[in-house]
Amino acid sequence: MSQPSESFLALRGLGKRFGEVTVLRDLNLALAEGEILALLGLSGSGKTTALRLVAGFETPDAGGIAVGGEDVTALSPARRGFGMVFQHYALFHHMSVAENIAFGLEARRWPRDKRAQRVAAMLDLVDLAAYGNRRIDAISGGQQQRVALARALAPEPRVLLLDEPLSNLDPALRERTRRELRAAVKAVGITTLLVTHEQEEAFDVGDRVAVLDRGRLAQLGTPQELYRRPTDRFVASFVGRAGSIRGTVATAPVDPAGGKTSDDTMAQITVAAGVTWQARAVAPASVGEPVELLIRPEALDVVDASAPGALAGTVTAMRFTGPLTYAVVELEMAPGVGSGTAGAMAGGTTEGRAREDRTHVEVAVGPTDHVEPGDRIGIAPGAVGPVPTVFGLREAR
Amino acid sequence: MTPASRSRIGALAVALLLTWLVGYPLLLTLLQALEVEGRISFEPLHAFAGAADEWAALGRSLLVATASVVLAALVGVPLAFVFARTDFPGRRILGALVALPVALPPLVGVIAFLFLYGESGFVPRLLMDLFDLEKSPWRLHGLGAILLVHTYSMYVYFYLFTRAALARMDGASLEAAASLGSGAWRTFWRVTVPQLYPALLGAALLTFMTALGSFSAPYIFGGGYRVMTTQIVASKVSGDLARANLESVALAALALIALIAVRTLQGSMVDATSAHGVAPRPRRIRRPGVRLAFAVLGWTLAIVLLLPHLTLMLISLVPSGTWTTELLPPVLDFGNYRELATEPERLRPMVNSVWMAAVATLGAVALGLLTARRARATRGRMGDALEALVALPWAIPGTVFAVALAATFSVSQPWFGRFLWVGTPIILPLAYLVRVLPITGRAAIAGLRQLDPALEEAAWSLGASRTRSFFRIVLPLMRPVLAAAVGLSFITALGDFVVSIVLYTYETRPISIEILSTLRSQSFGVAAAYGVMLMLLSAAAFLVWGRGEAAP
């Protein structure tokens with residue numbers, strides 16, 4: 001694990017309510033100096049609120065924020081010394097590019113000559129040296145994004161806050177800008193909190209990623225950890241693709257270290273009569289308990305429908321995404337699968353229920369597999385790829 | 001004939017009509033001003049340039065207009081900030097109430113002020129009673145009185161413009177400034193105020209033009225303090241038409257110079273409000289003491305602003321001759337209203353005002369729509385010319401237009417487009433129409449511009465004729481914009497005083513003229529009752545048509 005040895009920016013038990021709605025509860029995060037942490041979540045997950053609390057635009061109902069050991073919770077935004085890049089940049093359209101960058105320096109009463117030097121250095125950093133005198137309306141969206149970054153970095157802030165900084169760019173431009181952004185931030189070496197709803201952006205820019213789900217921290221870890229070892233049902237399905245299969249516990253999770261379950265506690269799960277798969281358990285479970293298995297498409301291999309340890313099904317569709325092709329497999333009914341699922345309970349008509357009852361799983365098709373819609377195939381966990389993760393169905397969510 | 005040439009001919013016809021109504025009278029006024037014994041000469045100009053009293057009147061007009069802008073801004077802008085940025089009990093209703101003076105005819109405001117602050121008004125009476133004074137502590141007249149009335153009625157422009165701009169402002173720009181270490185003061189001056197410049201300039205222009213053309217306040221309160229509008233009317237009334245023409249030309253020139261100067265300034269300005277973003281939420285005031293202070297201040301303000309109109313209502317209930325030296329009127333009844341309703345000569349002005357305002361509004365809507373459609377169909381230079389012509393009366397003080405129309409339509413020369421209409425019931429509705437044409441015309445142009453052309457094309461492709469698609473598709477979609485313009489036009493024409501005083505006849509006298517003559521004959525109760533009727537009619541028009549969209 002990459003727990004930082006000492007934290008520079010610390011969010012301690014942050015909580016915020018707007019009226020009746022709790023948008024953030026007990027958020028604890030610690031960033032090492034120079035670390036980029038991405039806050040990832042859907043809209044309404046509380047990520048933007050968390051960022052605005054750190055920036056000082058909102059006051060927390062609980063908890064506090066500390067930088068380098070100093071409690072800044074009571075400081076106004078102007079006194080925190082944090083730089084921020086806003087979602088729509090919030091550039092001052094009545095000032096030129098250079099005036100925008102100089103604004104924070106004037107506010108902090110930098111002497112004139114140092115100001116000019118700093119503005120030039122910042123323009124260089126974001127590769128806009130020739131654009132200082134341009135009007136904001138006269139530069140492109142990507143350039144505006146860079147001006148916003150330069151403006152935020154100019155007063156040498158202690159912490160950089162990025163609020164969906166790339167969401168306004170074209171998809172093609174976004175990927176390149178993502179790398180430039182990370183390079184620029186790393187060159188400065190500033191501790192950075194990034195808010196985004198895009199998993200790719202969080203993975204690409206962040207050293208670590210904190211996934212927020214409805215106001216709580218679902219999981220914190222490196223991108224690899226989140227993908228390969230999700231400890232949370234929401235994280236497993238939100239980060240990357242995952243299929244869901246129902247099963248029952250065959251052998252209870254055994255913790256090699258004894259006592260509490262760790263990340264590597266393994267359990268055997270019966271997914272169909274006579275078919276038992278191994279999976280990581282993130283919580284204790286007893287034998288016979290119904291559980292849900294989340295499986296990455298690339299963790300499944302295409303095998304014979306009658307192969308031992310395989311689930312049989314029919315290919316209903318192929319999805320070609322460029323680098324990978326996925327087969328959508330409709331699994332045949334099996335004990336422990338489909339019975340009493342959430343879909344069946346929610347389904348209205350008989351027809352709807354029948355459709356809901358069927359379990360569809362995506363499997364990555366290798367270059368040597370010849371699969372077409374209508375084929376009857378088997379799927380089984382492969383030797384490579386992330387191990388499926390078990391989540392209890394009874395868990396109160 | 002091809003469709004293209006047909007549309008060009010249509011545009012030409014509309015342009016001719018507009019030129020005849022708007023441009024031609026002004027041109028004739030200019031020519032007549034320069035005419036000496038049947039020939040154009042610059043002699044009158046020389047004489048004018050050497051006349052000290054003319055320069056003094058122009059100077060006073062300029063001073064009144066400039067001071068009105070400053071004072072209106074000093075009241076309206078802080079008020080807008082209070083209502084847009086803080087939250088206190090009663091904020092919503094007060095925020096709407098303080099915009100009220102914009103919907104009321106200037107003359108009504110003026111006589112309400114007279115009854116409240118004039119020498120025998122409520123406030124002086126109260127002060128005399130309280131401090132045992134022999135006579136009123138002040139006289140409501142001269143520059144001070146004019147500016148007081150102007151501030152009262154024109155701060156609304158600054159208030160509405162600033163509030164709209166604050167509502168559009170991106171709250172993130174303020175947060176960005178704060179995160180860059182900028183304190184509240186610096187953020188205000190460097191970030192907030194520059195984003196308000198376009199709105200402030202727009203409000204300043206509107207206030208300046210309104211104050212420059214203002215007639216009611218200088219006429220009633222000015223006394224010896226002659227501004228150009230009152231000077232023009234005085235010249236006209238004394239029969240010195242040449243002088244009135246020349247003075248009109250001078251005032252129009254001043255107005256146009258101001259307009260061009262401000263437009264140039266506006267052109268060089270970037271609209272700093274970004275397309276994105278949400279305005280900052282009004283800050284809830286938490287401290288109970290401060291909350292109470294704001295509420296008390298807000299309500300006091302609203303009462304002060306509404307007091308003139310409440311006074312007017314009270315005076316309208318006072319029977320003639322019953323209120324002499326008492327602090328409060330001893331008798332109140334509806335006698336004045338009964339008189340208005342039952343005596344034919346009292347009823348006539350109201351009937352006159354309503355039908356003339358209605359005809360003028362209808363005509364202005366039709367002409368505005370026609371212009372907007374032609375301008376859109378032709379585009380290019382012809383389209384620009386049409387739009388400029390339709391907006392021109394806005395830039396020309398009402399008095400000037402009245403004098404110009406009087407000069408144009410007081411002889412019968414049908415081949416020169418001049419008819420003997422002065423003294424007939426035609427001239428006042430026509431003059432009102434020209435006055436309100438910018439309101440309907442600009443609304444029609446804006447409404448048509450917002451409309452997706454594909455909608456009309458879709459109607460055509462479905463087999464609808466041009467006429468049918470216009471009445472079934474275009475007009476219904478433009479209704480909200482047009483309705484607001486109709487309401488505002490009707491109110492403007494209904495309460496008009498500036499144009500009426502130059503062009504009315506006894507038979508066609510409108511409410512405003514009758515208010516003036518009842519004031520002169522000391523029938524204050526009847527004058528107030530007329531004022532209240534004007535207020536009620538305006539309010540009704542506002543409610544029926546202008547709901548929420550009375551953009552100035």
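Q: Which side chains meet in a salt bridge with Arg190(B)?
A: In this predicted model, the side chain of Glu106(A) forms a salt bridge with that of Arg190(B), at 2.6 Å from N to O.

Q: And how many salt bridges are there between chain A and chain B?
A: The count between the two chains is 2 salt bridges, and, with both residues at pLDDT 80 or more, 6 residue pairs are in polar contact across the interface.

Q: Which elements of chain A supply the side that touches chain B?
A: At least two residues each come from helix H2 (77–80), strand S6 (82–85), helix H3 (97–107) and helix H5 (141–153) of chain A, and H3(A) gives the most, with 4 residues. By class, that side of chain A has 13 nonpolar, 4 polar and 8 charged residues.

Q: What do chain A and chain B bury between them?
A: About 2100 Å², of which 62% is on carbon and sulfur atoms; the contact takes 25 residues from chain A and 22 residues from chain B.

Q: Switching to the largest nonpolar core, which residues touch the most other members?
A: Those are Leu161(A), Leu312(B), Leu503(B) and Ile515(B), in a core of 196 residues, to which helix H3 (residues 52–85) of chain B gives the most, with 14 residues.

Q: What does Leu503(B) touch?
A: Leaving aside residues up to four places away in sequence, Leu503(B) touches Ala402(B), Leu405(B), Ala406(B), Ile427(B), Leu428(B) and Ala431(B).

Key:
Residues numbered from 1 in each chain as written. Chains lettered and ligands numbered in written order. Predicted model: local features only at pLDDT ≥ 70, side-chain atom pairs only at ≥ 80, totals over all residues. Heavy atoms only, no water. Contact = heavy atoms within 4.5 Å. Buried area = accessible area lost by both parts, 1.4 Å probe. Salt bridge = Lys/Arg side-chain N within 4 Å of Asp/Glu carboxyl O. Polar contact = N/O pair within 3.5 Å; in protein donor to acceptor, adjacent residues only side chain to side chain. Nonpolar A, V, L, I, M, F, W, Y, C, P; charged D, E, K, R; others polar. Core = buried A, V, L, I, M, F, W, Y, C linked by side-chain atoms within 4.5 Å. Buried < 20%, exposed > 50% of the residue type's maximum accessible area, 1.4 Å probe, protein only.
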